[in-house]
Amino acid sequence: MEKQPGLPLSTFIIRFWQELGADAPHWYGHIRHIQSGEQASFTDEATLTRFIRRWITIPREEGENHECLSLP
């Protein structure tokens with residue numbers, strides 16, 4: 001996926017839901033970038049942040065080696 005430059009504003013709608021399974025609850029999500037209309041489903045933090053990083057840069061704390069966002 002390539003970064004989409006030139007958009008001055010990025011607005012996202014992110015929905016999370018949990019499904020109860022036999023082993024443990026599992027989180028799901030769906031994200032939509034309002035300006036482009038692009039959307040994606042995700043089940044993990046990496047997929048979510050990869051989608052967001054197409055439009056914005058998420059700053060990291062110095063010495064931080066993990067993603068800024070965290071799903072339960």
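1. Strands S2 and S3 form a hairpin with five residues between them. In the turn, Gly-37 has a positive phi of about 80 degrees. S2 covers residues 26-33 and pairs with S3 in the antiparallel sense over four bridges. Arg-32 has Gln-39 in S3 as its bridge partner, and the bridge partner of Ile-31 is Ala-40, also in S3. Strands are DSSP runs of E of at least two residues, helices are runs of H or I of at least four, and both are numbered from the N terminus. Two strands count as paired if DSSP finds at least two bridges between them.

2. The model is predicted; local features need pLDDT of at least 70, side-chain atom pairs count only at pLDDT 80 or more, and totals for chains, interfaces and linings use all residues. Residues are numbered from 1 along each chain as its sequence is written, and side-chain values use heavy atoms, with hydrogens and water left out.

3. The protein chain has one helix and three strands, and along the sequence the pattern is β-β-β-α. Of its 72 residues, 15% count as buried; buried means under 20% relative accessible area, exposed over 50%, and partly exposed in between (1.4 Å probe, protein chains only). The accessible surface comes to about 5,400 Å², with 52% belonging to carbon and sulfur atoms. These areas come from the Shrake-Rupley method with a 1.4 Å probe, and for residues only the protein chains shown count as cover.

4. The largest nonpolar core has seven residues: Ile-31, Phe-42, Leu-48, Phe-51, Ile-52, Trp-55 and Ile-58. Helix H1 (residues 45-52) supplies the largest share of this core, three residues. Such a core is a set of buried Ala, Val, Leu, Ile, Met, Phe, Trp, Tyr and Cys residues joined through side-chain atoms within 4.5 Å.

5. Phe-51 touches Phe-12, Ile-31, His-33, Glu-38, Gln-39 and Ala-40, not counting residues up to four places away in sequence. Contact here means heavy atoms within 4.5 Å. Among contacts in the protein chain between residues at least 6 apart in sequence, 30% join residues at least 24 apart.

6. There are five aromatic pairs. Rings of Phe, Tyr and Trp (its six-membered ring) pair if their centres lie within 6.5 Å; planes under 30 degrees apart are stacked, over 60 edge-to-face, and the rest tilted. Phe-12 and Trp-55 are edge-to-face, at 6.2 Å centre to centre and 65 degrees between the planes. Phe-12 lies in S1 and Trp-55 in the segment after H1, so the pair ties together parts 43 residues apart in sequence. Phe-12 is partly exposed at 21% relative accessible area, whereas Trp-55 is buried at 8%. Phe-12, Phe-51 and Trp-55 form one aromatic cluster.

7. Trp-17 and Tyr-28 are a stacked pair, because their ring centres are 6.2 Å apart and their planes stand at 15 degrees. Trp-17 is in S1 and Tyr-28 in S2, eleven residues apart. Trp-17 is partly exposed at 37% relative accessible area, and Tyr-28 is partly exposed at 28%.
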